[in-house]
Amino acid sequence: MKRRTFISGGALAAAGWMTAGRLDMLAGSFSSTPAMKNEKGLYEQFKSPSSQYRPFVRWWWNGDKVEAGELVRELHLLKEAGIGGVEINPVQFPSKFEGDDLGKPSLNWLGREWTGMLQVVFKEAKELDMTCDLIVGSGWPFGSEDLTASEQARIVVIGVKKLTGPLDYSISRDELFLEADPAVSSPWAGRSYRLLSLTLAPDPVSDMQEMTDLSDRKDDQFFDLFIPEGNHALIALIEVTGFMEVINGAPGASGPVLDHFNEAVVSRFLRRMSDTIESDTGPLADHVRALFTDSMELEGSNWTGDMRDQFIRRRGYDLFPFLPLILFKTGAMGNVTDFHYTVAAEPALEGMIRRIRHDFELTKAEMLEERFLKAFAAWCSGIGVKSRMQAYGRGFFPLESSMIADIPEAESWTMNWLKHRIGEEMPESDYRRGRAYTMINKYVSSAAHLKGRRLVSCEEMTDTYTVFNTSLENLKIGSDQSIISGITHSVFHGFNYSPPEAPYPGWIRYGGYFNEKNNWWRHFHLLNEYKARLSSLLQNCEMYADIAILPPTADMWRLIGMQNEPFPSVLHAEYLSLVWEAIVKNGSGCDYISERILESADCSNGYLHYGPRRYNTIFLVQVESINPVSAERLFEFVRSGGKVFCVGTVPYQSPGWLDYKEKDEVVATAFGKMRQFPENFFLLEKPEKDFIGWYATIKEAYGISSYMSVENPDPYLMQIRYRDDSGSDFIFIVNSSLHNSQKTRVVFNRDIYSSRHCSVWNPETGSRGRAVLESDGGINLDIGPAESLLFVFDRQKIRSEWKPLPSSGIDQHEIAEGWRAEFKHCNAGPSGEIVMGGLRDLKEMPEYVNFSGTVIYRNTFRCVTDGQIVFNLGKVYGTSELIINGRTCGVKWYGHRIFDISGYLKPGENIIEVIVTTSMGNYMKSLTDNPIAQYWTNSGNKNQPLQSMGLTGPVRYYKI
């Protein structure tokens with residue numbers, strides 16, 4: 001089956017799927033969550049952030065081969081690097097390197113020795129003022145070896161044999177089981193099968209009455225059948241119990257995944273965990289901030305013991321006879337491998353099947369919400385800790401599921417640095433290329449905003465590919481993009497438990513090699529200080545948005561089924577993320593909403609109000625199907641003065657099956673009435689390209705307000721606005737390009753700067769300076785590669801002026817020749833000093849192409865100019881420290897490498913030293929006898945090209 005992209009849209013809707021009252025239970029109070037208690041003022045906190053704002057790390061306890069002394073040592077190592085907390089995460093030992101485990105035994109999850117290690121960590125972390133979170137179970141999704149069959153995850157699948165008659169045909173039950181068995185990523189060897197029904201159907205089929213039910217023979221071992229003339233299909237509906245194993249589970253928490261649709265099973269598992277740990281440690285609330293669940297990669301799990309009964313109760317009809325037609329052929333992660341696996345349906349029947357498929361997806365989402373998500377949150381609350389959750393995968397409401405946890409979490413990846421060129425491209429053709437944030441981030445952060453939560457966590461810089469080639473500059477670009485998507489706190493993915501004596505380069509499960517042996521580890525604290533300052537600000541503010549986007553979720557469900565978030569195998573309305581990006585890049589802010597939000601919202605004076613949020617503009621992106629209640633609420637919004645823009649199509653039907661004709665009529669009537677308000681209701685064509693320009697035109701043509709304008713919007717230039725409790729505004733602007741500067745002029749709306757002072761706060765240093773705006777609120781910007789700016793509008797007058805160092809000046813001189821370089825290898829490679837003459841990329845020097853470590857570039861120059869002198873290193877691949885006459889001028893680890901050296905010069909000859917730390921990937925590729933190095937740099941899709949390294953310049957100094 002060729003991968004398809006569906007471009008028709010929809011939004012969550014169904015017959016009576018959720019009343020406003022039921023959603024209110026999920027939404028809670030409409031008042032905003034108050035800021036964390038802050039003994040310092042906001043700027044004082046920004047200058048010196050408390051530990052809870054610092055990045056955390058996912059701390060993989062590889063194979064649970066942990067020892068007390070090493071746990072303590074690693075906590076201190078992380079503290080010194082500026083990390084504020086750890087997520088304790090037992091995980092399977094990296095299987096490819098089992099011979100390198102030093103013979104250390106694995107501790108059994110929940111065993112006395114294992115809980116003893118928890119006590120060691122809890123005690124030491126408290127003394128270090130570090131936070132502890134703890135993952136539930138091990139690996140993902142959680143389960144254990146001792147689950148009974150009734151507690152194991154289930155999936156209902158179809159096995160189809162397409163036949164042409166007349167034909168005498170024989171097949172066994174085992175052959176049907178083999179045909180249906182889903183090729184999941186992590187199959188469990190102990191899975192069992194049960195034949196639920198057997199159907200013979202013509203292909204194509206036009207009416208359900210044409211299908212012959214053979215289920216009276218489902219207990220037979222062999223089936224001898226006569227196939228009538230023509231094309232037919234034998235369709236076996238099969239339940240597979242225990243079909244998947246915990247992915248990367250450690251001993252004691254491996255084995256089959258549990259049934260997340262069964263609240264009793266979920267609660268029993270959770271209580272067993274907390275009761276066992278607390279019997280040794282005392283209350284977890286004394287030691288742990290939050291208990292955590294990783295993304296729910298349930299590989300398509302769709303069944304439980306009462307699923308059929310629940311569907312009848314909720315939807316009003318029986319799903320079971322239609323399952324042979326609504327299911328697709330699925331494989332890894334539950335992704336569809338064949339959309340045409342079962343028989344084709346004639347158009348009238350196909351419309352019915354799509355509606356029923358939607359209702360099935362809706363039922364699963366409701367049950368997972370009620371029986372897993374809420375059960376997990378209630379358990380956490382009951383033992384006095386917070387719930388932290390990646391409430392997505394396959395089977396969940398994309399938005400509302402993240403409203404349940406105390407700390408909703410998204411994820412951003414660096415796996416794409418080489419594969420998807422983050423910082424080097426930002427195309428419209430692929431939602432992943434150039435983006436570190438995943439498509440789920442906007443859903444998660446929007447859910448937090450709607451709930452009034454300010455702490456939006458992120459599994460950040462997940463890396464399963466470019467482990468040894470990720471730089472601090474890469475991490476900054478990705479982290480800044482996370483912030484643009486609504487993230488306010490980072491949990492780095494991740495830090496491997498790896499004793500110093502482990503074979504070089506250490507035990508590695510995943511991650512961007514956050515390790516003391518990484519060349520840039522000594523500078524890692526600089527990134528963490530930068531991120532901590534931003535987090536201390538953002539967690540005490542509210543992200544601003546007055547535009548809402550309704551995604552086409554219902555149509556996705558009915559056409560292609562639920563997708564595996566955050567990496568759907570097939571996209572529906574593939575340009576959805578381009579819409580929010582275009583809004584942001586044109587100086588506005590937006591959230592996603594859902595139909596359940598619409599149904600629970602109030603409309604007045606041109607605004608849609610939900611909780612702490614209000615929106616004056618709503619975009620429906622390719623929405624064809626919508627719930628009648630949602631349609632009527634949109635009409636109320638339009639009638640009250642709000643603006644609705646339908647992109648690509650106007651909704652014309654309801655999504656579910658029961659009473660669909662009456663509901664379709666309600667939808668059509670509601671949108672017909674909206675058309676009577678031509679100043680508020682609009683149909684827009686989907687642009688073929690240039691979404692940024694498209695939105696700029698729409699904003700101008702239809703009078704959509706923005707809080708800032710950008711003279712030349714660019715794909716790499718993004719911004720986000722926050723407001724604190726005193727009414728001060730903060731606008732964070734980033735340049736996501738790795739190589740190019742962004743020169744532009746931005747104009748801030750008068751409402752932002754009127755009667756306020758404008759300043760720029762520096763997250764890298766904690767300093768701030770007064771920014772001088774022009775009379776119209778404008779300012780010219782030159783934002784270097786990977787750089788960012790934080791504008792603040794408040795009532796505090798700052799005396800010192802913000803004066804960024806320019807990338808060029810007058811009386812400019814280049815230091816092109818005379819360079820020497822001293823090489824200090826990170827491990828056991830070549831070291832020593834050479835005469836380089838002119839600067840060159842180490843990748844182009846055969847003797848140093850595989851170097852890794854520190855290079856000290858030396859030269860001298862006579863400064864022939866006076867005044868304020870700036871030194872510009874040009875292009876540097878790695879971190880860089882400039883030393884003039886033996887005195888350090890500072891470290892630059894991203895963007896322009898520009899230094900003010902006025903106070904460091906002396907008359908006559910001046911001595912330059914530039915210390916550059918390089919990446920490690922080229923060296924790892926050369927270690928052909930090191931299986932770890934080869935796996936991460938030369939193996940399969942991890943085979944990486946040689947990377948540029950070192951100082952390439954041009955090195956210049958000039959007067960400003």
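Arg272 and Asp146 form a salt bridge, with their closest N and O atoms 3.6 Å apart; the term covers a side-chain nitrogen of Lys or Arg within 4 Å of a carboxyl oxygen of Asp or Glu. Arg272 sits in helix α6 and Asp146 in the loop between β3 (131-135) and β4 (154-172), so the pair ties together parts that are 126 residues apart in sequence. Helices (H or I, at least four residues) and strands (E, at least two) are DSSP runs, numbered from the N terminus. Arg272 is partly exposed, at 32% relative accessibility. Here buried means under 20% relative accessible area, exposed over 50%, and partly exposed in between, with a 1.4 Å probe and protein chains only.

The model is predicted: local features need pLDDT of at least 70, side-chain atom pairs count only at pLDDT 80 or more, and totals for chains, interfaces and linings use all residues. Residues are numbered from 1 along each chain as its sequence is written, and side-chain values use heavy atoms, with hydrogens and water left out.

In total the structure holds 57 salt bridges. Another of them joins Asp280 to Arg112, at 3.0 Å from N to O. Asp280 belongs to helix α6 (residues 263-281) and Arg112 to helix α4 (residues 112-127), so this contact ties together parts that are 168 residues apart in sequence. Side chains of opposite charge can pair when their charged atoms come close.

Glu822 lies in strand β33 (residues 819-825) and Arg858 in strand β35 (residues 853-862), so the link ties together parts that are 36 residues apart in sequence. Arg858 is buried, its relative accessible area being 18%. Salt bridges also link Arg58, Glu87, Asp133, Arg289, Asp294, Arg388, Glu409 and Glu459 in a network.

Next come the pockets and cavities. Both are found on a 1 Å grid over the protein atoms alone: a cavity is a set of points where a 1.4 Å probe fits but cannot get out, and a pocket is an open set with protein on both sides within 12 Å along at least five of seven lines; lining residues have an atom within 4 Å of a point. Grid points are joined across faces, edges and corners, and a volume is the space filled by probe spheres set on the points.

The largest pocket has a volume of about 1100 Å³. It is lined by 41 residues, and those closest to its centre are Asn762, Trp802, Lys803, Pro804 and Leu805. Two or more lining residues come from each of β28 (757-761), β29 (768-770), β30 (778-783), β31 (788-794), β39 (887-892) and β40 (898-900). The largest share, five residues, is that of β30. By class, this lining has 21 nonpolar, eleven polar and nine charged residues. Ala, Val, Leu, Ile, Met, Phe, Trp, Tyr, Cys and Pro count as nonpolar, Asp, Glu, Lys and Arg as charged, and the others, Gly among them, as polar.

The second largest pocket has a volume of about 950 Å³. Of its 43 lining residues, Trp140, Glu297, Met333, Trp413 and Tyr510 lie nearest the centre. At least two residues of this lining come from each of β12 (407-413), β13 (457-462) and α21 (931-937). The lining divides into 16 nonpolar, 15 polar and twelve charged residues.

There are eleven cavities of 30 Å³ or more. The largest cavity holds about 310 Å³ of space. Its lining has 24 residues, with Asn302, Leu327, Thr330, Glu361 and Lys364 closest to the centre. Helix α9 gives the most to this lining, five residues. The second largest cavity has a volume of about 250 Å³. Among its 19 lining residues, Met439, Tyr443, Leu571, His572 and Leu576 are closest to the centre. Its lining comprises 13 nonpolar, four polar and two charged residues.

Finally, the cysteines. A search of the whole structure finds zero disulfides, a disulfide being a pair of cysteine sulfur atoms within 2.5 Å. The closest cysteine sulfur to that of Cys458 is in Cys590, 17 Å away, which is too far for a bond. Cys458 is also buried, with a relative accessible area of 0%. Cys603 is likewise in no disulfide, and the nearest cysteine sulfur, in Cys646, is 15 Å away.
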